[in-house]
Amino acid sequence: METKGPLPLSLATGREGSEGKGGDATVAIVWACRIPVEEYVGAGRSVVVPRPDCVICQRAMMFWSGYERSVRVGERDYRLWVRRARCRPCGRSVGLVPSFCLVGRLYGVEVVGGALAAVLSGGCSLGVVADRLKAAYTTVREWLRRFRRRAAMLAAGFAALVVEIGGVAPRLPEEVGRAALAAIGWVWLAARLRAGRAVGSCWSVASLVTGGGLLAATRDTPWIVLGKRRWIPPVP
Ligand SMILES: [Zn+2]
């Protein structure tokens, strides 16, 4: 079971398993998953995943086995089957990670994004957020650290993407963490205006655009494919 064709707002690379709990170390592509985690897990190995084109040679990849990984949503851990795709001509293989996940991270993107927003914009303390999530204080603190470290790049990249997909350049808060949050929100709004509800949630869009690397340790610039075109954001 599969759907074909270009993904509307998706494809970016990250590496599974290189930071924290996840699957094995594999290059990953995040795809726009419209179904909730329960439904995804319920579908087991027959979950419907779009078949991507190879990012090197642009040829259609073929499905090629997969691997298991966990994702924590709410207080539950789910075991997921992540399909893998392989490009025959260039031998490259990628894990196809659904957009409710972050690459190489146990916690789902809604949980992480909600925590970031609660601290940076909602004025909640790290302790309160960690208690609410029943997560370790150090885990939430690390999310904030990672996000703040990448915030200037995320703010610039997402703000440029707003314009790229037809919105008006947003005016962002001065504080860099809040600016990144706001820019992510503006991309989501612009994408919703263009494509409607099919865009999915704000944080799943953030996972898509960053290739699951919202909190990545690397300095790699996230990039996405808009229609058939690869788009690389400016680096501040
Ligand atoms: Zn290829």
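Helices (H or I, at least four residues) and strands (E, at least two) are DSSP runs, numbered from the N terminus. The model shown is predicted, so that local features need pLDDT of at least 70 and side-chain atom pairs count only at pLDDT 80 or more, while totals for chains, interfaces and linings use all residues. Residues are numbered from 1 along each chain as its sequence is written, and side-chain values use heavy atoms, with hydrogens and water left out.

**View 1. The chain with its six helices and eight strands.** Along the sequence these elements follow the pattern β-β-β-α-β-β-β-α-α-α-α-α-β-β. Of the 236 residues, 50% count as buried, meaning under 20% relative accessible area with a 1.4 Å probe, protein chains only.

**View 2. The ring pair of Tyr-40 and Phe-100.** Rings of Phe, Tyr and Trp (its six-membered ring) pair if their centres lie within 6.5 Å, and planes over 60 degrees apart count as edge-to-face. Here the centres are 5.5 Å apart and the planes stand at 85°, so the pair is edge-to-face. Tyr-40 lies in helix α1 (residues 37–42) and Phe-100 in the loop between β6 (93–98) and α2 (109–120), 60 residues apart. Both Tyr-40 and Phe-100 are buried.

**View 3. The ring pair of Tyr-107 and Trp-143.** With centres 5.0 Å apart and planes at 75°, this pair is edge-to-face. Tyr-107, in the loop between β6 and α2, is linked here to Trp-143 in helix α4 (residues 137–164), 36 residues away.

**View 4. The charged end of Arg-83 over the ring of Phe-63.** The charged end sits 4.0 Å from the ring centre; a charge counts as over a ring if NZ of Lys or CZ of Arg is within 6 Å of the ring centre and within 35 degrees of the ring normal.

Note on methods. Phe/Tyr/Trp six-rings, centres within 6.5 Å; stacked < 30°, edge-to-face > 60°.
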